[in-house]
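Q: Could we go through the side-chain contacts in this model together? I would like to begin with a charged residue and then move on to the rings.

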Amino acid sequence: MPFLFAATLFVSASLLFMVQPMVGKMVLPLLGGSPAVWNACMVFFQALLLLGYLYAHKLSDIQSPRKQWMIHLLVLALPLGVFALAAVFSARHTPIAILESLAPTDERSPIVSVLLILTVAIGIPFFVISTTATLLQKWFVFTGHPSARDPYFLYSASNFGSLISLLGYPLLIEPRMTIAAQAWVFAGGFALLVGLIYFCGRSAANPIGVPPAPGQSGKNGVKPEANKETSVPATLADTTPPSLARKLKWILLAFVPSTLMLGVTFHMTTDIASVPLLWVGPLALYLITFIIAFGRVPDWFRMVIGNFAPVMILLLVFVLISGVDPGHGVKLILHMLTFFAAALMCHYELARDRPAPQYLTGFFLLMSLGGVLGGVFNALVAPLVFPHPYEYPIALIIACLMVPKLLEDKDAPPVTEKRRKIGLALDVAIPVVVGFAFYYLAKLPGKEWYGEACVSIAKTIHLSVQTVNVVMIYAVPVMLCFFFVDRPFRFALCVAAILGPLTIRESEQGLVHSERSFFGILKISESDYGSPLRNPRNKDFVFKHENGEDAGKEMIAMQVKMRQLHHGTTLHGTQYAYFPDELNADGSMKMGGKLRSRHVLDDFQIICPNITPWEMIATTATIQAYDIRQEPLTYYHQTGPVGAMFAELWRRKGGTDAKAHFAMVGLGTGSVSCYARPGQNLTYYEIDPAVKHIVADTNKYFTYVTDAQDRGAKLDLRMGDARLKLKEATDQKYSLLLVDAFSSDSIPVHLLTVEAVKLYLERMTDDGMLAMHISNRWLNLEPVVSRIAGELGLTARVWNDNSEGRRGKTASSWVVLARKPEHLGQLYSPVGDLIFNPPAELGKDDRMKVSMEYQLFQALAHEFDDLRETGVKKAKYIEMNELPADKVNAAWIAWAKERQEKTSDPAMKQRLAQYIDLMERHSPFVTFQEAMVRDHGHAFRRLETMAQVPAWTDDYADVMGVMTIPEVQRVRSFFGLPNPLKRHNTAE
């Protein structure tokens, strides 16, 4: 019997955690991929879960388990009817109906639209499934089974099912099924759940006669003797109704892990690494803590977790305040492990304090309420109240407050009122002292005697001075806090005295401005950049001052201040800024304000010999008129892919497209405005009002947009999700459409599907170009775009621009697509068909692997089978590469010429001629990108296609399939899933 109930709860929890990502993917193209939408989805699911627990709590008030069973069977029939109606009348004829008529409009809030769409699509089924966890545990009490005296162990089975579904969805379900197929599997799973619940209800209605727990009735209301072989905790034997204080404690113990989970996820994805699906880790650990806490754990476990959790919290606090950087991997593990320990501590205290079975449904109702409050606090309240992510440190401090009192002496005499007041006073006074002591310690590095003491100690114990300083300033106060761990209130205030002020100070440090909205936190920072004056003939020789107060110092050719806009760990753009001494008191620029932002060699041009007066005037006027702040930087640099695309737009059709209408998805800092000419139309699509406020509504921080308008460009800014707004813009046609909308360091999936690209094409002129920014540290999006282009019959070229030598330029990867090759003009070069990508894994000293020589050899080895001979004879590819370095290139040229003479295929002759031309005209050590830029002004090449990577659609997208994280690929291999990103050695 326990197996039946455990299996039913397992299936129920699996369906709950399958439907959430599934329905989220269904509504994503309709609502957009903004965090506000995901927040609304989370609140919706948590609210329905709370309602499900409330229903189970009210249903349990009915004394007869048979009546409960019959009523619930009627409720279970409702989703089956909803599935049938949806399958018949919905557009896709699936059991889950997504009504496009409920999509956001100008009159309807997106949040309201989310709630309406989810309610219609999955509201009733999700509500019914959410009732299962508590209701079945209550029914198990009525069965009379010996284990029914403590039915909470079934909650572990429920959370185990949630965990399996959470990890299984991205690993097993998403890569193998379309959304429509997933909907039918979900409906079939629900039908199975109905059958299992039927048998569970029948067992509860027909108990075997053994009393389930103290105070509970067996069959026909008879109370037989308790089963003496089953031991239960004291809280289960106590049938006294829980007090208000105890109920509030349950809510708080559930609140802390919930808010801590969201806080640690936000912190890791914004301040450490924007890794896709990183949220899965904390959520999986959250479920594991429930499994452990509500399982059968020994009594000594409380002592272990009660000490381990505060130690981990203090270790994390030390890392946060000291600035010690152990590396991304170690920091992620530390945050995860600390969250796991704190959540397990709270959930174990919840499980330990669980009430008698007759109060089971109320217990879970309050526990669910605490979880909902945690989600609301992080998702809705914090973005409105806190300018910075203070909710994470606050959650850590509250977690300190929940540390159990492990050294309580039950035989000790009662605490007198006087001692209680003294203890309370010390609970406040000691943290104040700790705070002032830490403040004083932080000032010590400026003292001469302290520096000498650190040097002396470092020499004595053979450690670095920096290590001694960190230990003295940060480690000592943190370790001091642990002495008060037996007084949770005092302990929490001590941690707050150290962590709080430093968190606030560091949040403001180095920032020009910050702004927070539902879409994240925008930060504006500044940095100074000085370029030394070098000898043009010898770049290693730097000119230095020979006399004066600057004698011996490097001569500065150009000094600038750069202002950056960050959204989490994603850089949205950069612009030059003036130094304070270059501006007047009212913010206007001084007459000579631009001199420092001009290269010193510009002045030499003016005074160089053999220059006519008219040439001198023209040169001087040009230099004075040039505004360095109107130069596009980062991903939009003129020497990069975006600059090449605009150069093509300006020259094609004899220059008639130079002022053609173009559009940009994603405002950023407005860098693309630099390319807008007087009278030209530029349309921006932006979802975050905070970005518009910082970039377009004022020129206080960035002037790209206002400068373009001052030049006479016509800018139109449309707020909302790009797909929704482009769908509305039926009257717009763009000659160039750039898609550069980033969320968590990656373009949102719904902007990178077949349906999305079709929509882009509808908004482009017949010969228009579509540009997509696919830079990503964790995903290889190139084969995805390649398959989309192939499916739609488009011509595509990509430029992985990794040259960051120019000041202000950032590496980027852009794909440009068009309906026909001739629409790309000079961006479509036959040489771009010859070269393959370098291997995926490149180290610091692997420049040779991106050199043209290496890539050409790889390409030749890929095309010609006789280069890859195996067996007794050594492969020709290996044989030539083992020659002396100065003879390798000549050997390849000779081989290519010999092969060219032998082949009769005209196309192959032409390709070999191109290979020979490249090898003869360029040094073998230049990169392919450098050679292409020299010859054609760009490095656009054909895209890499991988057979195992399908085109993403609104119905199917395997994000983990293109993830470059090795651990993810190993997990996929374990489950027999393809690893398309694992490149094959073409020399084999």
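**Side-chain contacts**

A: D767 counts as buried, at 16% relative accessibility. Please note that the model is a predicted one.

Q: Which residue does D767 meet in a salt bridge?

A: The partner is K653, with 2.7 Å from N to O between the side chains. The pair links distant parts of the chain: K653 is in the loop between α21 and β7, D767 is in strand β11 (residues 764-773), and 114 residues separate them.

Q: And K653, is that buried or partly exposed?

A: K653 counts as partly exposed, because its relative accessibility is 47%, and the cut-off for buried is under 20%.

Q: How many salt bridges does the structure hold?

A: There are 23. One of them joins E526 and K561, at 3.8 Å from N to O. E526 belongs to strand β2 (residues 520-532) and K561 to strand β5 (residues 556-567), so this pair ties together parts that are 35 residues apart in sequence. E526 counts as partly exposed at 29% relative accessibility, while K561 counts as buried at 10%.

Q: Changing topic to rings: how many aromatic pairs are there?

A: A search of the whole structure finds 30 aromatic pairs. Among them is the stacked pair of F646 and Y675, with 4.3 Å centre to centre and 0° between the planes. This pair links distant parts of the chain, 29 residues apart: F646 lies in helix α21 (residues 641-651), and Y675 in the loop between β7 (662-665) and β8 (681-686). F646 is buried, at a relative accessible area of 0%, and Y675 also counts as buried, at 3%.

Q: Why is the pair of W892 and W895 edge-to-face?

A: The planes of W892 and W895 are at 70°, and planes over 60 degrees apart count as edge-to-face, so the pair meets that cut-off. The ring centres of W892 and W895 are 6.2 Å apart. Both residues lie in helix α30 (residues 885-902), three residues apart, which is about one turn of the helix.

Q: Which rings are linked into a cluster?

A: Y53, W250, Y286, F290, F294, F363 and F364 are linked by ring pairs.

Q: What lies over the face of W650?

A: R677 does, at 4.2 Å from the ring centre.

Technical notes: Residues numbered from 1 in each chain as written. Predicted model: local features only at pLDDT ≥ 70, side-chain atom pairs only at ≥ 80, totals over all residues. Heavy atoms only, no water. Phe/Tyr/Trp six-rings, centres within 6.5 Å; stacked < 30°, edge-to-face > 60°. Helix = DSSP H or I, 4+ residues; strand = E, 2+ residues; numbered from the N terminus. Buried < 20%, exposed > 50% of the residue type's maximum accessible area, 1.4 Å probe, protein only. Lys NZ or Arg CZ within 6 Å of the ring centre and 35° of its normal. Salt bridge = Lys/Arg side-chain N within 4 Å of Asp/Glu carboxyl O.
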